[in-house]
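Open the model in your viewer and keep the selection tool at hand.

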Amino acid sequence: MMKPFNFSHALRHKDPSAFILFPLLVHSFDLVVSSIGILSIRVTRDSSVKVPLEDPMAILQKGYSVTIVLAVLIFAGSTRWLLFTEQAPSAWLNFFLCGLVGIITAYVFVWITKYYTDYKHEPVRTLVLSSSTGHGTNIIAGVSLGLESTALPVLVISVAIISAFWLGHTSGLVDETGSPTGGLFGAAVATMGMLSTAAYILTMDMFGLIADNAGGIVEMSQQPESVRAITDVLDAVGNTTKATTKGFAIGSAALASFLLFSAYMDEVSSFARESFKQVDIAIPEVFVGGLLGFMLIFLCSAWTCAAVGRTAQKVVKEVRRQFIDRPGIMDYKEKPDYGRCVAIVASASLREMIKPGALAIVSPIVVDTPIALCCFLFRVLGHYTGQPLLGAKVVAALLMFATVSGILMALFLNKAGGAWDNSKKFIEIGALGGKGSDAHKAAVTGDTVGDPFKDTAGPSLHVLIKMIATITLVMAPVFL
């Protein structure tokens, strides 16, 4: 790993605070460019002329394209203004290219997510066809689609990290010894670039939630089928945009975790006053730390999915009770007690997240019990075996393996869940017999499995990854 970036030396003729203000400026402009992108969305349709409605996803992508163009221009101006140094006159250009790498990465992530979750593309169409042969084949096809969907995002993230690091490394900035520095800052700038359109991406996520609830309101209020047909299309696009946001979040988490891991190693070196540049997973204790990191991701995913299952059982029992006590619900003569179901879900959402949340907080403190007992044991073992940094290395392996496995698991859960949801939606708008057909029943089963994947377990993992990295960084002195 390269030495930490030395601002005071690199900016001998410029105020170092410019490098500190740079990310604040970039993300401030994110609000501006995203707002312009949102306001650029216009749909003008003459009701007297019968023409097909424009694809909602295409409309959203036009606004996203406007946001990206503006983000690139802002990034170019910001890097030239704040990151120019007399020591390396062309360094700002390298850092602009790092930001461009991040922006391109975000755009590619959006495209990949759309490809794997939109029913206009082959993966979801294949999943729809699998529903025609039963529930089991639908589940198998959905799982395989989710597993396959991890490949392209990982390749994109890999290229982004390496490209940004080496653009920063070759920027011309050097430390006191003349060694190239700035590689990690280049990766940080790429992360800023990826997040420079975050406000627009989050807006697309909110669109999905609104469209979903609008469809529910239309159905419950017994609107004409023509109205429901429109909300079904919007709901399908909303499923894609929600999956896009989750993919975007895990991609940014991957870039940020790489930086936090490097910061952890730097902090250990600083406190221990000993070089800590690599982690050897061939050491048994370090390898065990990596296994514990893998375990955390799978255990957290299991707990979150199980929480959804337990809560769903309570809701189903409550709904059945209401059907028995109020038989007029089915023919709209009586109103259901919605508040009771909402109360069940609301209380469970808080109660059931205690275990996964505690796992993320306790685990890094407790490997050096799986992540202070374990740490303490490895520290003691390292002391008696002449390995003073053993505890820190074990935690580093845990952080590294948890990050890698968490990224892959989150990508799998998010894409599979989104694809299952849209395959059901595609059947509901008329494919393979439409609502009530055997294919639709199989697709509903797939969507039931996919909901905890994409709405609970998947989104929680990028939070878990960042939380483990942050807690590990803060608790670094404990591991020494």
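How many residues does helix H6 have, and how far does H6 reach from its first C-alpha to its last? Select residues 135-148: H6 has 14 residues and reaches 20 Å, close to the 20 Å expected at 1.5 Å a residue. That expected span is 1.5 Å times one less than the number of residues. Helices here are DSSP runs (H or I, at least four residues), numbered from the N terminus.

This is a predicted model: local features need pLDDT of at least 70 and side-chain atom pairs 80 or more, while totals for chains, interfaces and linings use all residues. Residues are numbered from 1 along each chain, and side-chain values use heavy atoms, without hydrogens or water.

Next, colour Asn138, Ala141, Gly142, Leu145 and Gly146, the buried residues of H6. They share one side of H6, because their arc around the axis is only 135 degrees. The arc is taken from the directions from the helix axis to the C-beta atoms. Turn to the other side: Ile140 and Leu147 are exposed. Buried means under 20% relative accessible area, exposed over 50%, partly exposed in between (1.4 Å probe, protein chains only).

Now show Gln222, in the loop between H9 and H10. Its phi is positive, about 55 degrees, although Gln222 is not a glycine. Gln222 is exposed, at 53% relative accessible area.

Last, go to Leu432, in the loop between H15 and H16. Leu432 also has a positive phi, near 55 degrees. At 36% relative accessibility, Leu432 is partly exposed.

Methods
Helices (H or I, at least four residues) and strands (E, at least two) are DSSP runs, numbered from the N terminus.
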